[in-house]
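Please read them with the structure open beside you.

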Amino acid sequence: MLIAIAGALIISTSGPLVRLADVAPATSAIFRCAYAIPPLIVLATLERRRRGPFRGRPRLLAWVAGLMFALDLLFWHHSIAYVGAGLATVLGNLQVFIVAFAAWAIFRERPSRALMVATPVVFGGVVLISGVFDRAAYGVDPVLGVVTGVATSLSYAAFLLLMKSASDRSAAPLAHATVVATLAMTALSPVFGGADLTVSWPEHGWLLVLALGPQVLGWSLITYSLPRQPAALTALLLLVQPMTTVGLSAAVLGERPSALQLAGCAVVVLGVLWGSRRDQPASGGLEQDEQVPKTSTV
């Protein structure tokens with residue numbers, strides 16, 4: 001669980017770094033992955049020496065996950081442009097509900113009672129952070145920001161579930177997914193407003209930090225944790241990301257959250273802490289996880 005939280009905290013810097021780079025959405029989405037490919041290949045090569053080739057169904061799933069990741073980043077980087085880094089990150093993290101019920105249906109990971117109670121609580125916090133009840137909510141186009149944010153959540157959920165199914169490895173699936181995402185975003189960039197593939201400074205300095213920090217280190221930690229805990233719990237823990245991003249965006253970018261949005265941050269924190277609790281042992285002395293055998297594919 002701590003590894004997933006560490007990964008979420010690292011990727012929480014993504015939104016502010018995208019804003020600091022100040023390039024077109026498709027440009028930042030492409031280069032955050034392109035710059036991450038060399039170090040990910042090194043990590044995947046080291047992993048291959050220990051565990052052998054990465055091929056077959058796991059590799060195919062990682063490729064499909066890469067396509068979903070491409071859509072996730074393209075939609076999300078546009079949402080940042082429409083409503084700012086903080087709110088865009090919140091909108092892009094509604095995947096917790098999609099993952100929770102999809103994991104129940106696909107992996108038969110029955111959510112714990114604590115997780116089921118925490119999910120609507122966290123949703124309430126996310127709604128407060130989004131500013132939908134706040135007349136002071138800002139953004140150049142909040143409607144498009146919500147649309148692209150929801151699209152981000154859908155593709156993000158698909159990416160998480162596919163990566164969980166791909167393998168119990170961390171470097172190889174992420175390396176394959178990142179390469180596919182880079183190629184897919186380059187091909188799709190004309191549909192998403194176009195991309196500038198020329199290198200400029202200091203814009204690409206921020207993009208390099210974005211690639212090495214959130215993309216390589218952050219996602220390596222999260223990919224490592226995915227097959228080692230229930231998918232719904234991972235998605236819930238990743239909601240630490242929007243809370244942290246709202247704070248960073250306020251400190252670094254001057255995005256000032258309202259009192260309601262700050263209250264939403266507190267609700268998210270409490271929801272994450274409660275959702276990570278295990279169910280109490282039943283009267284027979286066995287915990288829920290021991291009573292119901294796990295049938296996850298990994």
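1. The model is a predicted one, and the values below are computed from it.

2. The axes of helix α2 (residues 14–21) and helix α13 (residues 240–253) come within 8 Å and cross at roughly 30 degrees, and the two helices are therefore roughly parallel to each other. On the α2 side the contact is made by P16, R19 and L20, while α13 contributes T245, L248, S249, V252 and L253. Sorted by class, the residues of this contact are five nonpolar, two polar and one charged.

3. R19 also forms a salt bridge with E255, in which the closest N and O atoms are 2.5 Å apart. This pair links distant parts of the chain, since R19 lies in helix α2 and E255 in the loop between α13 and α14 (259–275), 236 residues apart. The count of salt bridges comes to one.

4. Two backbone features deserve a look. Most residues other than glycine have a negative phi, and most peptide bonds are trans. D22, although not a glycine, has a positive phi of about 55 degrees, and D22 is found in the loop between α2 and α3 (25–34). W201 and P202 are joined by a cis peptide bond with an omega of about 10 degrees, and P202 is placed in the loop between α10 (171–188) and α11 (203–225).

Notes
Residues numbered from 1 in each chain as written. Predicted model: local features only at pLDDT ≥ 70, side-chain atom pairs only at ≥ 80, totals over all residues. Heavy atoms only, no water. Axes fitted to C-alpha atoms, helices over the stretch in contact; angles between N-to-C directions. Helix = DSSP H or I, 4+ residues; strand = E, 2+ residues; numbered from the N terminus. Parallel < 35°, antiparallel > 145°, perpendicular 65-115°, else oblique. Contact = heavy atoms within 4.5 Å. Nonpolar A, V, L, I, M, F, W, Y, C, P; charged D, E, K, R; others polar. Salt bridge = Lys/Arg side-chain N within 4 Å of Asp/Glu carboxyl O.
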